[in-house]
Amino acid sequence: MSQFPDIREYTSLPRVNSLRLSPDGTRLVSVVQSLNADGKSYGAALWEIPQDPGGEPRRLTRSAKGEAGAEFAPDGTLLFVSRRPDETAKEAGGDSAALWLLPERGEPVRVATRPGGIGGVRAAGGTVVYSSEVLPGDAATEEERRKAREEAGVSAILHEGYPVRYWDHDLGPAQTRLFAGRAVREGLEDVRDLTPAPGGALDEHMSFDLTPDGRTVVATWRAPLPNGDVRWDLVAIDVADGSRRTLATSGGHDFGGPVTVSPDGRLVACVRERHGAEETAVALDLWVVDLDTGEGRAVAAEIFPAAVAWAPSSRELFFAADHQGRRPIFRVSLDGVPLDGEVTRVTPDDGAYAELCPAPDGSVYALRGAVDSPPRPVRIAADGSVTTLPSPTPALDLPGTLTEVTATAEDGTEIRGWLVVPAEATAEDPAPFLLWIHGGPLSSWNDWSWRWNPWLMARHGYAVLLPDPCLSTGYGQGMVERGWGDWGPATHADLMAITDECLKRPEIDEQRTAAMGGSFGGYMANWVAGHTDRFRAVVTHASLWNLDQFAGSTDGAHYWQREFGVPGSARYARLSPHRSLGEIRTPMLVIHGDKDYRVPIGEGLRLWWDLQRSGVESKFLYFPDENHWVLKPGNAIAWYETVLAFLSQHVLDEEWTRPPSLS
């Protein structure tokens with residue numbers, strides 16, 4: 001058997017999460033996540049990545065609290081965010097995350113604190129801008145008001161608008177604000193609040209950047225709409241006086257991150273998303289706006305970009321976007337007027353690229369992951385050739401092979417996916433089969449996942465199919481539209497078509513099969529359980545079950561109801577998996593975390609109760625302290641051990657064995 005690590009070893013592997021290139025192109029720095037000494041949590045540190053393939057990565061920071069948010073200042077010093085203490089921490093911010101500066105030589109120096117901590121940071125033109133969570137009211141008295149609230153035992157939050165939660169945390173009472181200061185050797189001077197009364201405009205997935213002269217912040221800005229709906233605009237904020245003007249707004253679109261300003265300060269790139277409706281699917285464009293006039297246009301249409309970065313010349317824009325089960329880097333030339341873009345694919349391989357860092361010499365540094373490779377730092381030459389750089393993440397010996405597979409759907413559309421087959425599988429000893437359905441639903445199986453990893457299943461002998469059915473991204477707008485408002489039936493037909501194709505392979509056992517998925521994949525796992533008994537077991541994680549119930553309790557009801565309409569409509573009745581409860585015969589493992597606000601715990605509890613009262617053989621793996629993904633190392637181990645035990649019982653006909661982590 002391959003030496004691919006078991007789940008306990010796997011959770012301890014270091015993971016490269018980001019990549020930043022210094023302005024002069026001479027230094028690369030990453031934030032690397034690794035298991036803390038207690039084995040119960042993850043921490044992060046800054047690492048220097050050599051630009052020479054023969055070099056060695058070098059750890060830069062070692063605080064017990066960890067570091068994040070690394071950003072280079074124009075002079076090459078490194079800014080980062082950390083809760084690390086120093087001799088004045090209690091007097092000026094306590095245990096909140098502070099802003100630190102790491103010179104090229106020497107020890108870190110704390111340069112800014114806020115009672116609510118510091119989040120994202122940008123530096124340019126002698127200006128540093130950072131975000132912080134601030135209680136409504138005078139920022140100067142915030143620390144005193146926070147202390148009074150804590151001493152009074154008040155945790156209540158009064159809301160007057162929507163939303164109130166986001167993924168796994170409550171919104172409010174603090175609001176995200178932006179602060180700016182003048183960078184000096186000892187820290188920051190003349191720090192001022194640029195957004196003293198933002199409401200919730202900068203909460204959730206706010207993205208911002210700073211013009212090269214340090215005079216203007218460009219940020220996403222959430223605008224409330226009637227009946228609980230919201231819209232995201234793009235705004236420009238003057239650093240000198242805090243005045244704000246709208247750069248981009250549309251009644252039918254959101255303007256979102258990543259927001260990035262061109263090196264010459266003239267243009268802003270962002271992502272424009274068309275609002276979905278019951279009969280109209282969402283569509284994303286790469287949007288470029290003139291900072292002076294606000295004139296904007298799409299330079300790449302109907303794509304799903306994951307990373308965007310300007311070339312140093314400001315005449316080219318690089319982006320990574322889902323494409324046919326990969327995430328290549330593309331380049332768009334902006335020489336034309338008005339911005340007549342010509343899009344060219346840069347990387348021809350199977351990689352999924354992120355964290356793009358264009359260099360002065362024309363190359364691009366990035367993180368390259370793939371279904372068969374963890375993200376690792378690389379350098380991409382102008383001709384698309386890729387050089388792998390040394391990484392804190394070790395190379396892994398995979399326990400099998402990865403093959404691209406295709407099938408033809410009922411309407412003639414090609415459905416593709418990745419098939420992982422364990423090394424020992426043969427026609428004489430075929431592997432059991434696991435259909436693993438991705439979440440989203442607007443997503444694609446094209447990258448490594450530290451959380452949903454098929455190689456851990458292959459290590460235990462399973463062939464794993466990672467399909468991209470309708471609603472998957474990277475196959476053109478038509479692929480999204482095929483399943484829009486028709487989740488269950490259309491997606492199920494695609495999944496069964498590609499499953500049938502894979503089960504024709506002699507090295508796969510067509511009798512020993514299972515299906516699983518999380519989030520939208522969990523919705524589909526529930527749908528599969530109610531519409532076929534071909535699988536021996538179904539695992540459903542963080543899954544939608546009763547759509548009427550889900551529609552108003554999820555953290556993003558406004559987004560959901562654009563596609564599905566008002567709760568109680570015919571679409572809910574037709575597409576809700578709970579309507580097929582009476583048809584479920586397959587044993588099911590239900591998994592849910594209590595802190596999941598995207599798919600609230602009520603969905604898991606209702607599903608579990610319905611299975612119990614219907615006599616369906618089932619188990620419920622419940623995590624009281626976890627979110628949508630179940631991320632704590634010990635809980636992730638328990639997740640995999642329980643899934644494997646459940647599959648062994650029902651797919652391999654082995655006796656049920658309680659997972660070691662739960663014993």
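1. Is arginine 272 buried or exposed, and what is its relative accessible area? In this predicted model, arginine 272 has a relative accessible area of 17%, and because buried means under 20%, the residue counts as buried. Arginine 272 is found in strand β21, which covers residues 267-274, and its side chain makes a polar contact, at 2.8 Å, with the side chain of aspartate 285. Leaving out residues up to four places away in sequence, arginine 272 touches His253, Asp254, Phe255, Ala283, Leu284, Asp285 and Trp287.

2. The strands around this arginine deserve a look of their own. Strands β21 and β22 pair in the antiparallel sense over eight bridges, and within β22 it is leucine 284 that stands opposite glutamate 273. Strand β22, residues 283-290, is mostly covered, since seven of its eight residues are buried. On to the next strand, β22 is joined by four bridges to β23 (residues 296-300), and these two run antiparallel; tryptophan 287 has alanine 298 in β23 as its bridge partner. The strands β22 and β23 form a hairpin with five residues between them, and glycine 294 in the turn has a positive phi of about 80 degrees.

3. In soluble globular proteins, nonpolar side chains tend to be buried together. The largest nonpolar core here has 46 residues, of which Leu435, Tyr523 and Trp560 touch the most other members. Apart from it lies another core, of 38 residues, which includes Phe4, Tyr10, Leu434 and Trp436. Tyrosine 523 is buried, with a relative accessible area of 0%, and, not counting residues up to four places away in sequence, tyrosine 523 touches Trp487, Gly488, Ser543, Leu544, Leu547, Leu575 and Pro577.

4. The structure holds 22 aromatic pairs. In one of them, the ring centres of tryptophan 487 and phenylalanine 520 are 5.1 Å apart and the planes stand at 90 degrees, so the pair is edge-to-face. Tryptophan 487 lies in helix α5 (residues 487-502) and phenylalanine 520 in helix α6 (residues 520-531), so the pair ties together parts that are 33 residues apart in sequence. Both of these residues, tryptophan 487 and phenylalanine 520, are buried. Tyrosine 523 and tryptophan 527 form an aromatic pair that is stacked, with 6.3 Å from centre to centre and 25 degrees between the planes. Both tyrosine 523 and tryptophan 527 lie in helix α6, four residues apart, which is about one turn of the helix, and tryptophan 527 is buried, with a relative accessible area of 5%. One aromatic cluster is formed by Trp487, Phe520, Tyr523, Trp527, Phe550, Trp560, Phe564 and Tyr572.

5. Two arginines are placed over aromatic rings. The charged end of arginine 451 sits over the ring of tryptophan 639, 4.5 Å from its centre, while arginine 122 lies over the face of phenylalanine 208, at 5.3 Å from the ring centre.

6. Two loop residues may be set side by side. Aspartate 533 lies in the loop between α6 and β37 (537-541) and counts as exposed, at 59% relative accessibility. Proline 108, found in the loop between β8 (98-102) and β9 (109-112), counts as buried at 17% relative accessibility. Leaving aside its neighbours within four places in sequence, proline 108 is in contact with Phe80, Arg84, Trp100, Leu101 and Leu102.

7. Most residues other than glycine have a negative phi, and most peptide bonds are trans. A cis peptide bond joins glycine 172 and proline 173, with omega about 0 degrees, and proline 173 lies in the loop between β13 (169-170) and β14 (175-184). The peptide bond from glycine 440 to proline 441 is also cis, with omega near 0 degrees, and proline 441 lies in the loop between β34 (431-437) and α3 (454-459). Aspartate 190, in strand β15 (residues 187-193), has a positive phi near 55 degrees although it is a residue other than glycine. Valine 630, likewise not a glycine, has a positive phi of about 65 degrees; valine 630 is placed in the loop between β39 (618-623) and α11 (633-650) and is buried, with a relative accessible area of 0%.

Definitions and conventions
Residues are numbered from 1 along each chain as its sequence is written. This is a predicted model: local features need pLDDT of at least 70, side-chain atom pairs count only at pLDDT 80 or more; totals for chains, interfaces and linings use all residues. Side-chain values use heavy atoms; hydrogens and water are left out. A nonpolar core is a set of buried Ala, Val, Leu, Ile, Met, Phe, Trp, Tyr and Cys residues joined through side-chain atoms within 4.5 Å. Buried means under 20% relative accessible area, exposed over 50%, partly exposed in between (1.4 Å probe, protein chains only). Contact means heavy atoms within 4.5 Å. Rings of Phe, Tyr and Trp (its six-membered ring) pair if their centres lie within 6.5 Å; planes under 30 degrees apart count as stacked, over 60 as edge-to-face and the rest as tilted. A charge sits over a ring if NZ of Lys or CZ of Arg is within 6 Å of the ring centre and within 35 degrees of the ring normal. A polar contact is a pair of N or O atoms within 3.5 Å; within protein, one must be able to donate a hydrogen and the other to accept it, and residues adjacent in sequence count only if both atoms are side-chain atoms. Two strands pair if DSSP finds at least two bridges between them.
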